[in-house]
There are 2 protein chains.
Amino acid sequence: MAIEGLSINLATVRQQYDMRQAVEACLKQDIVAIAPWRDQVHKIGLSEAARIVADNKLKVTGLCRGGMFPAASAEGRAAAIDDNKRAIDEAAALNADCLVLVVGGLPEGSKDIAHAREMVADGIAAILPHARSSGIPIAIEPLHPMYAADRACVNTLEQALDICDLLGEGIGVAIDVYHVWWDPKLDEQIARAGAGGRILAHHICDWLVPTTDLLLDRGMMGDGVIDLKRIRAEIEKAGFFGLQEVEIFSQNNWWKRPGEEVLSTCIERFRTVC
Amino acid sequence: MAIEGLSINLATVRQQYDMRQAVEACLKQDIVAIAPWRDQVHKIGLSEAARIVADNKLKVTGLCRGGMFPAASAEGRAAAIDDNKRAIDEAAALNADCLVLVVGGLPEGSKDIAHAREMVADGIAAILPHARSSGIPIAIEPLHPMYAADRACVNTLEQALDICDLLGEGIGVAIDVYHVWWDPKLDEQIARAGAGGRILAHHICDWLVPTTDLLLDRGMMGDGVIDLKRIRAEIEKAGFFGLQEVEIFSQNNWWKRPGEEVLSTCIERFRTVC
């Protein structure tokens, strides 16, 4: 029987499986929702990936990822916009709930984060008509402030929602507990997102103490300090009852374990601590 | 001739020097303002530290650090308050401009960050009368969100200023660029802090890309992505023209170099990029 409410972001088992293998391993444990990364899709080919999704009636809670808009040159910014339009097409082919954006950080050599943020808003505005006509909602994922320089200069839910309000329909947020759990304005901004119909995805993992690497030391739910049930309750109070998507980058722990063990642990923790 | 506008937080050379040696090295390069840490003061004794400060007419831009209020037990919280009162006495003996607070994170085993934040506000409220009567302003230092779990659950300038507004006179903020540079509301909150007379200290260093350690990989000014001149201009626009205090924790670079080189580099960068 299908496990309700749980999705696996395939980055969680990217060292163990390609997309085809990951889907097989998920199905074996009755997981019927996934979120693939574009490199995983490209490796097996978009049409094959779409076939796997359709044949197995998988729910795709998101495609990771578009974004990376800021660039030093106009050519670089135009290339990013083109690439994001392709990502929208891929998300449509996979019947994904949304395209998740990691918006990008400072261009090489720049210290002007305000300008980077303008380039992000401009880039999203440029792709939004194509997203709307393709029926693919755009989900801005505010990333933890420790990624402001090199990955995403949108760093709080409030900031992401300000961009959404600026740009109108067809755009919302992916709320990843890892990035936002610390925010003193979290509850207030979750409520705001819900009221505006802006919650498109809910990603889960945990914040480890200590955290030994800025990027690749995320914890399994329950192994860290994030109050997952409380945040989930706030998100549901705001009207979002979508799936919780597990996304764990863990070079020294979960990426080194057998994929079946990682998936079964996700299920067990999802049922007990999320 | 004394170098105007520059202070050295002695953590910057903590692996090279004790407080006495650090002061000698600073004076040799005409640096006449410092900010010691309590363990450095305790190691040579408070009266000796106070004598060194007085005899050399040093400006002390802050004493690091009070705080660490949240604790699982009432005894633990009371002990933290007692310790903070002693820190105020030490700051007074050293004629420091302020006592800097690193407020503390989650108590052992807790996931309740809202409660930790309440304990912080309660703890500061408990020490504030003693700080006022001692003539020592209390400077809340909002720490980067990556320290929310284990060091400080006050993570934005906005949040710190909300606490200040709650508690009244005798309290303000230490603005450390490392912790706040990413904040989309930085300029607005610097202006708010200045309007309220709340800016008590201005700490500088740089954010390296990549950053290899969450705590001990801070960069020398100019080696990272923080627009130091821009932030300084915002702080001055807000009415604060106090010293810029260099605070660098750098286990694999600056802590391994000769102290004289570190100090001369601080001077050179202070003059060129800050």
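**Salt bridges, interface and backbone**

In this predicted model, the side chains of Arg14(B) and Asp39(B) meet in a salt bridge, with 2.9 Å from N to O. Arg14(B) belongs to the loop between strand 1 (6–9) and helix 1 (19–28) of chain B, whereas Asp39(B) belongs to helix 2 (residues 38–44) of that chain, so the pair ties together parts that are 25 residues apart in sequence. Arg14(B) is partly exposed, with a relative accessible area of 25%, and Asp39(B) is also partly exposed, with a value of 40%.

Chain A contains a salt bridge between Arg14(A) and Asp39(A), whose closest N and O atoms are 2.8 Å apart. Here Arg14(A) is placed in the loop between strand 1 and helix 1 of chain A and Asp39(A) in helix 2 (residues 38–44) of chain A, so that this pair, too, ties together parts 25 residues apart in sequence. The relative accessible area is 24% for Arg14(A), which counts as partly exposed, and 41% for Asp39(A), which is likewise partly exposed.

Another salt bridge within chain A joins Glu158(A) to Lys185(A), the closest N and O atoms being 3.2 Å apart. This pair links distant parts of the chain, since Glu158(A) lies in helix 6 (residues 157–167) of chain A and Lys185(A) in the loop between helix 7 (177–180) and helix 8 (186–195) of chain A, 27 residues apart. Both Glu158(A) and Lys185(A) are buried. Lys185(A) also forms a salt bridge with Glu158(B), where the closest N and O atoms are 3.2 Å apart. A network of salt bridges links Glu158(A), Lys185(A), Glu188(A), Glu158(B), Lys185(B) and Glu188(B). Over all chains, the count comes to 48 salt bridges.

How many salt bridges are counted between chain B and chain A? The count is two, and there are six residue pairs in polar contact between chain B and chain A, with both residues at pLDDT 80 or more. On the side of chain B that touches chain A, the elements that give two or more residues are helix 5 (113–134) and helix 6 (157–167) of chain B. The residues of that side divide into 14 nonpolar, seven polar and nine charged. The contact as a whole takes 30 residues from chain B and 30 residues from chain A. The area buried between chain B and chain A is about 2300 Å², and carbon and sulfur atoms give 68% of this area. Within chain B, the residues that lose the most area to chain A are Lys111(B), Trp182(B) and Leu214(B), which together account for 26% of what that side buries.

Asp18(A), in the loop between strand 1 (6–9) and helix 1 (19–28) of chain A, is buried yet has no salt bridge, and the nearest side chain of opposite charge, that of Arg20(A), is 4.2 Å away. Leaving aside residues up to four places away in sequence, Asp18(A) touches Lys43(A) and Ile44(A).

Elsewhere in chain A, Thr265(A) has its place in helix 10 (residues 259–273) and is buried, with a relative accessible area of 12%. With residues up to four places away in sequence not counted, Thr265(A) touches Met220(A) and Trp254(A).

The peptide bond from Cys64(A) to Arg65(A) is cis, with omega near -10°, and Arg65(A) is found in strand 4 (residues 63–67) of chain A. A cis peptide bond also joins Val209(A) and Pro210(A), with omega about -5°, and Pro210(A) is found in the loop between strand 8 (199–204) and helix 9 (228–237) of chain A. In chain B, Asp30(B) is a residue other than glycine with a positive phi, near 65°, and lies in the loop between helix 1 and strand 2 (33–35). Met68(B), also not a glycine, has a positive phi near 55° and is placed in the loop between strand 4 (63–67) and helix 4 (74–93) of chain B.

Notes:
Residues are numbered from 1 along each chain as its sequence is written. Chains are lettered from A and ligands numbered from 1 in the order in which they are written. This is a predicted model: local features need pLDDT of at least 70, side-chain atom pairs count only at pLDDT 80 or more; totals for chains, interfaces and linings use all residues. Side-chain values use heavy atoms; hydrogens and water are left out. Contact means heavy atoms within 4.5 Å. Buried area is the accessible area (1.4 Å probe) that two parts lose on being put together, summed over both. A salt bridge is a side-chain nitrogen of Lys or Arg within 4 Å of a carboxyl oxygen of Asp or Glu. A polar contact is a pair of N or O atoms within 3.5 Å; within protein, one must be able to donate a hydrogen and the other to accept it, and residues adjacent in sequence count only if both atoms are side-chain atoms. Helices (H or I, at least four residues) and strands (E, at least two) are DSSP runs, numbered from the N terminus. Ala, Val, Leu, Ile, Met, Phe, Trp, Tyr, Cys and Pro count as nonpolar, Asp, Glu, Lys and Arg as charged, and the others, Gly among them, as polar. Buried means under 20% relative accessible area, exposed over 50%, partly exposed in between (1.4 Å probe, protein chains only). Lys and Arg count as positive and Asp and Glu as negative; His and the chain ends are not counted.
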